Amino acid sequence: MKPTLLLLLIAMALPTYAQDKNPAPTLKSILLEQLRTTHNQKEWFVPANVAVDGMTAEQANWKDGKGNHSVGQLVNHLNFWNSEELAKFKGETPPKYSGNNDDTFNFDAAQWTAAVKQLDEVLTAWEKAVESADDAKLKDWYSVIAHIGAHNAYHIGEIVMVRKEQGSWDASKGVK
């Protein structure tokens with residue numbers, strides 16, 4: 001009788017145990033997490049939307065005089081490369097590119113609001129594209145998508161540093 005009771009208790013506990021466990025991560029879930037945390041979900045570091053939040057066009061155009069990029073230039077660079085790779089991912093022809101990476105950092109302060117909007121839109125489009133992609137496509141593209149997340153994180157860090165240097169960063173947003 002005791003082994004039967006023990007088996008019954010274990011059987012009753014299994015559904016509870018199964019409910020407590022998170023589902024195993026998948027390639028898709030890992031890539032989406034990486035994209036979202038560099039877009040608009042604050043985790044270990046500041047995401048893009050927080051990094052540019054509240055900036056004026058004048059602040060976005062500011063340079064430190066040491067040869068570093070402005071925030072506006074960094075945002076346009078991110079917009080270019082995220083859009084370029086997204087077009088390829090979707091099987092579309094990306095816009096013509098000179099092959100000179102310096103050209104991707106062009107910035108016109110009059111376009112700041114549009115640049116911020118484009119950044120949010122292209123990062124959202126990446127998330128939607130990955131959400132709807134099948135496993136075979138993700139297996140072919142996982143390295144590119146992972147590098148996109150790392151590239152975004154790198155330049156978001158630069159954006160925060162530029163803002164800190166110019167005095168426009170609010171430390172309550174996540175980086176002191």
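Biologist: Are Phe-89 and Trp-126 buried or exposed?

Modeller: This is a predicted model. Residues count as buried when their relative accessible area is under 20%. Phe-89 falls in that class, and Trp-126 does too, so the word for both is buried.

Biologist: Which kind of aromatic pair do Phe-89 and Trp-126 form?

Modeller: Their ring centres lie 5.2 Å apart, with 45° between the planes. Angles under 30 degrees count as stacked and those over 60 as edge-to-face, with the rest classed otherwise. At 45° the pair is therefore tilted.

Biologist: How many residues apart are Phe-89 and Trp-126?

Modeller: Phe-89 belongs to helix α5 and Trp-126 to helix α6. The pair links distant parts of the chain, and the separation is 37 residues.

Biologist: Which residue lies over the face of Phe-89?

Modeller: A charge sits over a ring if, among other conditions, NZ of Lys is within 6 Å of the ring centre. Here the distance from the ring centre of Phe-89 is 4.4 Å, and the residue is Lys-137.

Biologist: Why does the pair of Trp-81 and Tyr-97 tie together separate parts of the chain?

Modeller: The two rings pair edge-to-face, at 5.2 Å centre to centre and 75° between the planes. Trp-81 lies in helix α5, whereas Tyr-97 lies in the loop between α5 and α6, so the parts joined are 16 residues apart in sequence.

Terms used. Residues are numbered from 1 along each chain as its sequence is written. This is a predicted model: local features need pLDDT of at least 70, side-chain atom pairs count only at pLDDT 80 or more; totals for chains, interfaces and linings use all residues. Side-chain values use heavy atoms; hydrogens and water are left out. Rings of Phe, Tyr and Trp (its six-membered ring) pair if their centres lie within 6.5 Å; planes under 30 degrees apart count as stacked, over 60 as edge-to-face and the rest as tilted. Helices (H or I, at least four residues) and strands (E, at least two) are DSSP runs, numbered from the N terminus. Buried means under 20% relative accessible area, exposed over 50%, partly exposed in between (1.4 Å probe, protein chains only). A charge sits over a ring if NZ of Lys or CZ of Arg is within 6 Å of the ring centre and within 35 degrees of the ring normal.
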